[in-house]
Amino acid sequence: MHEAGPHLQPRPHRTLLYVLSVDAPLHHRYRCMQRTTLAALGLQRGFLQVDMLRSIRLWYVFDRAAPTSDDLRLEQRRGDVLRLDAGATCLGKVIAAIQHAATRRFEAMVLSDDDAFIHPQRLALDIAEWGWNPNLVYGILSWAAGWDERRMQHYGYGNTPDVVVGRLMQEWQLRRSVD
């Protein structure tokens, strides 16, 4: 007779969802569209109880040192904005989100962007199905070497993650030392 594995045992499964963003008009529109979609799917003020066992807590991650627009000041009232010491880089936000997650009780942590479509119920159910695996990587990891302020776009995508992450780490450390 087949025994049930650890992943089949019913237990609470909390997912932390960190959405990386910047305080710019285009990204404000992305967040408005994403919040509208997520609200239609049941997520309110950054939280969704998917079922009796599964929940999602969402935060939009911003760098604390960056200036704050009027739009972001209004958004902060929603309870889903998290301003962290991130060194004004994407990698800095990832590191800051991981540090923040380390202070919370959760079974899964997800990183996403403000221009991604997220179906929270499907995400929670898919991740909970594999929650027994402590080393789960779900989805696609993609790194860019940096951000072009003039063009407002990433550059340096490639299949050389060691080079790209190394450069990101140097940029993050440089910006942290300036702050």
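Where is the place of Asp80? Select Asp80 and look: it sits in the loop between α2 (70-75) and β4 (81-84). We will come back to this residue after a quick overview.

**Before you start**

This is a predicted model, in which local features need pLDDT of at least 70, side-chain atom pairs count only at pLDDT 80 or more, and totals for chains, interfaces and linings use all residues. Residues are numbered from 1 along each chain as its sequence is written, and side-chain values use heavy atoms, with hydrogens and water left out.

**Stop 1: the whole chain**

Show the protein chain as a cartoon. Count five helices and seven strands. Both are DSSP runs, numbered from the N terminus: helices are H or I with at least four residues, strands are E with at least two. Trace the chain from the N terminus, and the order reads β-α-β-β-α-β-α-β-α-β-β-α.

Now switch to a surface. The protein chain exposes about 11,200 Å², and carbon and sulfur atoms supply 56% of that. Such areas come from the Shrake-Rupley method with a 1.4 Å probe; for residues, only the protein chains shown count as cover. Of the 179 residues, 37% count as buried. Buried means under 20% relative accessible area, exposed means over 50%, and partly exposed is in between (1.4 Å probe, protein chains only).

Contacts come next; a contact means heavy atoms within 4.5 Å. Take those between residues at least 6 apart in sequence: 60% join residues at least 24 apart.

**Stop 2: Asp80**

Go back to Asp80. Is Asp80 buried or exposed? Asp80 counts as buried, because its relative accessibility is 4%. Its side chain makes a polar contact with the side chain of Arg35, at 2.8 Å. A polar contact is a pair of N or O atoms within 3.5 Å; within protein, one must be able to donate a hydrogen and the other to accept it, and residues adjacent in sequence count only if both atoms are side-chain atoms.

Leave out residues up to four places away in sequence, and Asp80 touches Arg35, Gly46, Arg57, Leu58, Trp59, Tyr60 and Glu75.

**Stop 3: Arg31 and Glu75**

Select Arg31 in helix α1. Its relative accessible area is 0%, so Arg31 is buried. Not counting residues up to four places away in sequence, its contacts include Tyr60, Phe62, Leu72 and Asp114. Then pick Ala116. It is 85 residues from Arg31 along the chain, yet the two C-alpha atoms are separated by 9.7 Å.

Glu75 forms a salt bridge with Arg31, with the closest N and O atoms 2.7 Å apart. This pair links distant parts of the chain: Glu75 is in helix α2 and Arg31 in helix α1, 44 residues apart. Glu75 is buried too, with a relative accessible area of 3%. A salt bridge is a side-chain nitrogen of Lys or Arg within 4 Å of a carboxyl oxygen of Asp or Glu. The structure holds eight of these.

**Stop 4: Arg64 and Asp85**

Here is another salt bridge: the side chains of Arg64 and Asp85 meet at 3.9 Å, N to O. Arg64 lies in the loop between β3 and α2, and Asp85 in the loop between β4 and α3 (90-101), so the pair ties together parts 21 residues apart in sequence. Arg64 is partly exposed at 46%. Asp85 counts as partly exposed at 44%.

**Stop 5: helix α4**

Select residues 120-129. Buried here are Pro120, Leu123, Ala124, Asp126, Ile127 and Ala128. Their cover includes β1 (13-20), α1 (25-40), β2 (47-49), β3 (54-63) and β5 (108-113).

Show the side chains of Arg122 and Asp126. They meet in a salt bridge of 2.9 Å, N to O. Both lie in α4, four residues apart, about one turn of the helix. Arg122 counts as partly exposed at 44%, whereas Asp126 counts as buried at 18%.

**Stop 6: an aromatic pair**

What do Tyr18 and Trp59 form? They form a stacked aromatic pair, 5.4 Å centre to centre with 25° between the planes. Rings of Phe, Tyr and Trp (its six-membered ring) pair if their centres lie within 6.5 Å; planes under 30 degrees apart count as stacked, over 60 as edge-to-face and the rest as tilted. Tyr18 lies in strand β1 and Trp59 in strand β3, so the pair ties together parts 41 residues apart in sequence. Tyr18 and Trp59 are both buried.
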